[in-house]
Amino acid sequence: MSANATHASWTRKDFISIEELSVAEIEQVFAVTAAFKRTLVRTHKKVPALRGKTIVNLFLEPSTRTRVAFEMAAKLLSADVISLDMAASSTTKGETLRDTAQNIQALNADMIVIRHAAAGSPGYLSRLLRVPVINAGDGAHEHPTQAMLDCFTLRERLGDLSGRKITILGDILFSRVARSNIWALTKLGAEVTLVGPSTLVPHWFTEFGVKVSHDLRSALADAQAVMLLRIQHERQTSSHFPSLGEYTSMFGLNKTRAAWLHPDAIIMHPGPINRGVEIDSQLADSDRSVILEQVTNGIAVRMAVLYLCAGGSPEAVATPDAPSI
Amino acid sequence: MSHILWIKNGRVIDPASGRDAVGDVFAVDGRFTATLDTPQRDSARIIDAAGLVVCPGLVDIHVHLREPGQTHKETIQTGSWAAAAGGFTTIVCMPNTSPPADNPGTIQLIQDAIKREAVVRVYPTGCITVGQKGQALAGIGSLKRAGCVAITDDGLCVQDNELMRRALEYAGMFGLPVMDHCQDESLTRGSVMHEGIVSTRLGLRGWPAAAEDIIVSRDVVLSTHTGAHVHLQHMSSGTAVEIVRRAKLRNVRVTCEATPHHIALTDDAAGTYDTNFKMNPPLRTEADRRAIIDGLKDGTIDCLATDHAPHTDYEKDKEFDYAPFGIVGLETALPVSLDVLHRQEGMSLLDVLALFTCKAARILNLDAGTLAVGAPADVAIFDPEEKWTMSATTSLSKSLNSPWIGRELVGRVRHTIVGGRIVYDQGRIRAD
């Protein structure tokens with residue numbers, strides 16, 4: 001944990017995108033995440049940090065693990081949580097997002113966590129609302145807490161990411177996870193390679209300071225981690241690749257291809273996995289896979305983000321015993 | 001009793017004749033005259049235009065007035081007010097109303113409203129296809145007879161090449177230009193902004209310039225084949241400009257327009273998901289912007305047009321994906337164009353004003369855009385140096401979806417005169 005990171009105060013009301021974060025802010029989130037992760041192994045996991053606060057999870061797009069992780073994180077911080085999904089939302093009756101969110105604020109919510117299919121929605125709400133807005137994924141724009149948990153997991157496994165070769169494989173074009181990870185990994189000094197079919201990994205991604213490849217072997221060669229992405233049928237037109245079978249035959253990660261990675265390389269996936277499409281089932285369950293560690297770290301990361309945006313002090317959780325949380 | 005107007009001491013710029021000199025402009029009974037005799041001078045209404053530019057009333061051949069059907073956004077009356085405030089005396093309204101203007105009855109409804117409420121000259125267009133569905137030709141001859149000056153499915157693009165071919169052939173018989181909104185819809189499903197580095201960063205569905213280039217190419221080919229006049233609306237792609245440039249070298253009967261926003265802005269402007277930068281076609285790259293400007297300079301692009309597209313605040317105030325395309329432009333077109341083309345690019349005032357007057361009028365054979373003796377006495381008088389800020393309180397359009405709201409502009413219309421009568425006078429519409 002960097003001393004400088006924890007001594008700086010957290011000044012953001014909202015948590016919208018990795019692109020806008022400084023390296024120091026990313027380090028702050030990591031430091032607080034590490035502290036909360038220690039609380040997760042206690043007998044009594046719950047801490048009183050957000051007691052009396054009400055957090056509303058406004059999930060206007062299907063989600064399981066992200067929503068549960070945010071709910072669990074809020075509850076472990078002793079906050080009251082209300083989760084709304086598409087079916088329960090007045091947006092299905094034609095209410096605008098502005099009105100829905102302003103009503104939730106008027107109902108005295110202290111924070112809104114939003115998942116939305118339209119890119120830019122959390123930023124739009126953050127400008128409208130007094131209360132903090134946390135982005136739980138907006139269209140193909142960003143999924144900042146996923147990137148934080150991915151990088152936190154990488155740091156636990158690999159240490160300093162500077163100069164490490166990380167390959168992101170799959171549907172980059174439609175992936176908010178890829179965008180957030182590109183920003184986070186490049187800020188942390190990693191060498192990022194994107195690989196996949198040219199229709200899903202357009203060449204202009206190189207403008208973000210990453211390499212683009214359509215050759216799986218060279219992209220995986222000596223990579224210390226490979227992040228797989230789900231093939232998102234729902235976001236693609238039918239012409240992006242011929243078939244799932246062809247995708248798997250050309251870009252699916254199997255045992256043979258995994259051997260091209262660095263010997264100690266880890267395999268990551270934000271889930272949900274399409275077993276047998278992006279990755280062989282056995283490989284997903286192998287020792288090299290950290291997929292479930294990512295899920296666990298997702299709770300600690302979201303605790304950190306909720307805590308910081310609620311005004312929590314990074315210093316208060318800096319000690320190993322975290323007495324004040 | 002004659003209605004006599006004497007505009008004195010202005011810098012008179014008439015692109016149609018090449019005149020650019022300090023002088024006077026005279027009108028009697030709604031038409032320009034060479035001079036006034038002494039009794040006429042004694043009874044003339046005098047406007048002192050010292051220090052101001054006096055030019056033909058501006059002509060905009062691409063405006064959405066939303067009537068009938070969407071009068072919560074704009075009406076023929078409020079749209080004509082906004083036009084007058086922007087120095088426009090002649091505007092051409094698009095037929096993508098509700099219902100679409102695809103028959104003489106709807107055109108008559110529009111003509112009645114124009115006669116009743118408009119303060120500037122408004123010419124309707126009719127649809128190319130029934131209901132703008134792109135499936136069957138509308139009654140183009142009847143639309144011409146009802147007063148349409150062109151046909152277009154603007155807002156949509158006829159995807160069927162055979163149907164477009166027949167539309168050109170059939171409309172050509174009546175001497176009606178076919179205006180086309182160039183968009184290959186198979187390339188733009190779900191697209192909301194230009195496809196490129198900005199859309200990639202924002203995670204928004206990209207709209208490739210190729211979607212425009214393909215239809216522009218098709219229309220050039222069909223115009224070549226049929227000999228009919230096709231007018232390409234709101235050019236946004238550098239490649240499309242080059243396609244037109246080459247077509248014109250072969251004397252293909254193709255004309256085209258560009259909007260002030262496509263010469264002033266690029267896709268970078270959408271970087272904060274501000275829906276006032278969401279338009280169709282989308283703002284494109286700096287290279288495209290430069291190509292549009294170069295096309296205006298060398299005559300490849302024939303004129304400027306606003307594509308004035310009003311939407312209410314509550315329609316625009318939402319997620320970028322869900323907001324409608326388009327911005328209003330009548331009141332800001334002149335200062336924005338002067339800023340880009342005159343001050344930044346060094347084009348003469350006369351050349352810039354030509355794009356909004358005689359060149360625009362010529363495309364649709366409109367009796368407008370000149371100070372020639374005998375022509376309708378339509379005049380815009382503006383201060384090219386006056387700084388002002390467009391605001392919700394001063395705008396005369398019913399909608400305020402403009403990226404220039406709250407921004408300082410240079411160049412402001414003082415008076416707009418239609419048929420020798422002042423209809424806009426320093427911020428106010430005059431009914432007399």
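Axes here are lines fitted to C-alpha atoms, for helices over the stretch in contact, and the angles between N-to-C directions run from 0 to 180 degrees. Keep that in mind for the helices. One caution before we start: this is a predicted model.

Let's take the first helix pair. Two packed helices are described by the angle between their axes and the distance between the axes. So what are those values for helix α5 and helix α7 of chain B? The angle is about 45 degrees, and the axes lie 10 Å apart. Helix α5 covers residues 161–173, and helix α7 covers residues 210–226. That angle makes α5(B) oblique to α7(B). The crossing is right-handed.

Now the residues that touch. From α5(B) we have B:Asn161, B:Met164, B:Arg165, B:Leu168 and B:Glu169. Facing them in α7(B) are B:Arg218, B:Asp219, B:Leu222, B:Ser223, B:His225 and B:Thr226. By class, this contact has 3 nonpolar, 4 polar and 4 charged residues.

Next pair: helix α8, residues 238–249, and helix α10, residues 286–298, both of chain B. Their axes come within 8 Å and cross at roughly 25 degrees. Angles under 35 degrees count as roughly parallel, and therefore α8(B) and α10(B) are roughly parallel to each other. On the α8(B) side, the contact uses B:Gly238, B:Val241 and B:Arg245. On the α10(B) side, the residues include B:Ala291, B:Ile292 and B:Gly295. The classes here are 3 nonpolar, 2 polar and 4 charged.

On to the strands. Look at β17(B), residues 408–418. Which strands pair with β17(B)? One is β16(B), residues 379–389, antiparallel over 8 bridges. In that pairing, B:Thr389 stands opposite B:Glu408. Another is β18(B), residues 421–425, also antiparallel, with 4 bridges. There, B:Val418 has B:Arg421 as its bridge partner.

β17(B) and β18(B) make a hairpin, with 2 residues between them. In the turn, B:Gly419 has a positive phi of about 55 degrees.

Is β17(B) largely enclosed or largely open? Count the buried residues: 8 of the 11, so the strand is largely enclosed by the rest of the structure.

Last stop: B:Ser337, in helix α12, residues 333–344 of chain B. Why does B:Ser337 count as buried? Because its relative accessibility is 0%, and buried means under 20%. What surrounds it? Beyond its neighbours within four places in sequence, B:Ser337 contacts B:Pro260, B:Ile263, B:Leu304, B:His342, B:Val352 and B:Phe356.

Technical notes: Residues are numbered from 1 along each chain as its sequence is written. Chains are lettered from A and ligands numbered from 1 in the order in which they are written. This is a predicted model: local features need pLDDT of at least 70, side-chain atom pairs count only at pLDDT 80 or more; totals for chains, interfaces and linings use all residues. Side-chain values use heavy atoms; hydrogens and water are left out. Buried means under 20% relative accessible area, exposed over 50%, partly exposed in between (1.4 Å probe, protein chains only). Two strands pair if DSSP finds at least two bridges between them. Angles under 35 degrees count as roughly parallel, over 145 as roughly antiparallel, 65 to 115 as roughly perpendicular and the rest as oblique. A crossing is left-handed if the near helix is turned anticlockwise from the far one by less than a right angle, and right-handed if clockwise. Contact means heavy atoms within 4.5 Å. Ala, Val, Leu, Ile, Met, Phe, Trp, Tyr, Cys and Pro count as nonpolar, Asp, Glu, Lys and Arg as charged, and the others, Gly among them, as polar.
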